[in-house]
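I opened the model today and kept notes as I went. The entries follow the order in which I looked things up.

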Amino acid sequence: MEETGTVRHVRALFISDVHLGMQAIQVEELLKFLAVHDADTIYIVGDLIDGWRLQKEWNWPPEYDALANALFAKARAGARIVYLAGNHDEFLRDYLGTYFGGVEIVDRMIHITADGKRYLVIHGDQFDVVVANAKWLAHIGDWAYNFALTINAPINWVRRRMGLRYWSLSAWAKQKVKSAVSVMGRFEEALSLEARNSKVEGVICGHIHQAAMHHKFGIHYINSGDWVESCTAVVEEHDGAFELIRWKDVSAPPRRRRGLGRLRAN
């Protein structure tokens with residue numbers, strides 16, 4: 001879909017890890033994405049709000065209100081909105097099963113596709129050994145991630161002056177550090193095992209800020225990525241097929257595009 005302003009309607013939309021409260025996030029890009037995407041059901045797969053950051057430093061600019069208003073407007077227009085609490089917005093787990101402004105708050109959900117397949121939808125932090133067993137270490141990791149994002153700004157200012165594309169220090173570190181790659185692999189395997197134990201065909205999650213769609217562990221594993229850097233989302237078409245959208249690639253001017261911005265799988 002070219003960015004022409006035409007609204008695309010899908011059966012289900014999955015977004016995760018927006019992290020409202022963190023300084024370097026892509027709220028404006030998400031607003032552009034939502035302006036041209038409608039869905040029967042919108043799943044917010046955790047960490048829309050970054051309670052960890054907001055506790056340390058309150059940061060709530062006008063575009064955050066614009067995002068909340070956009071989501072509530074979709075709910076008023078008839079979209080079902082399901083909010084799955086994550087670890088950064090874990091305070092919402094005190095309100096599981098309740099509704100706020102038409103938004104349903106849950107811990108996990110079974111999504112049934114148009115062709116009758118069952119998918120477990122869950123943020124995924126419950127299967128992150130660091131978050132589950134060493135929360136203090138997770139907070140250190142959160143600080144390191146925010147530091148990397150801060151360093152990204154001057155690095156990419158220089159790169160833009162040189163005519164180079166955006167480059168992410170944090171994403172580079174995740175790919176280069178073998179232990180981080182190993183942790184991500186174990187995370188995917190653990191979520192796939194939980195899906196198998198839940199007697200479903202697949203799992204849709206977030207948490208690790210690594211968009212993906214594969215069948216490596218005999219289960220359809222889908223991660224919707226994040227809106228801190230990568231600006232990714234997952235949609236289910238009306239025929240039950242899933243598509244991973246890399247919004248920065250889709251919305252970029254044609255001369256800057258490098259290949260397709262989507263990965264489609266059944």
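How close do the axes of H1 and helix H3 come, and at what angle do they cross? I found that they come within 10 Å and cross at roughly 25 degrees. Axes here are lines fitted to C-alpha atoms, for helices over the stretch in contact, and angles run from 0 to 180 degrees between N-to-C directions. H3 covers residues 62-76. Helices (H or I, at least four residues) and strands (E, at least two) are DSSP runs, numbered from the N terminus.

A note on the source. This is a predicted model, where local features need pLDDT of at least 70, side-chain atom pairs count only at pLDDT 80 or more, and totals for chains, interfaces and linings use all residues. Residues are numbered from 1 along each chain as its sequence is written, and side-chain values use heavy atoms, with hydrogens and water left out.

**Helix pair.** I classed H1 and H3 as roughly parallel, because angles under 35 degrees count as such. The crossing of H1 past H3 is left-handed (the near helix is turned anticlockwise from the far one by less than a right angle). I then listed the contacts (heavy atoms within 4.5 Å). From H1, Val 27, Leu 30, Leu 31 and Leu 34 take part. They meet Glu 63, Tyr 64, Ala 66, Leu 67, Ala 70, Leu 71 and Lys 74 of H3. By class, I read nine nonpolar, no polar and two charged residues. Ala, Val, Leu, Ile, Met, Phe, Trp, Tyr, Cys and Pro count as nonpolar, Asp, Glu, Lys and Arg as charged, and the others, Gly among them, as polar.

**Ser 16.** I found this residue in the loop between strand E1 (8-15) and helix H1 (27-35). Ser 16 counts as buried because its relative accessibility is 0% (buried means under 20% relative accessible area, with a 1.4 Å probe and protein chains only). Its side chain joins that of Ser 224 in a polar contact of 2.8 Å (a donor and an acceptor, N or O, within 3.5 Å). Leaving aside neighbours within four places in sequence, Ser 16 contacts residues including Val 45, Cys 205, Asp 226 and Trp 227.

**Tyr 83.** I placed Tyr 83 in strand E3 (residues 80-84). At 7% relative accessibility, Tyr 83 is buried. Not counting residues up to four places away in sequence, Tyr 83 touches Ile 44, Asp 89 and Val 106, among others. I also noted 9.9 Å between the C-alpha atoms of Tyr 83 and Phe 100, 17 residues apart along the chain.

**Whole protein.** I counted eight helices and 13 strands. Of the 266 residues, 50% count as buried.

Methods. Parallel < 35°, antiparallel > 145°, perpendicular 65-115°, else oblique.
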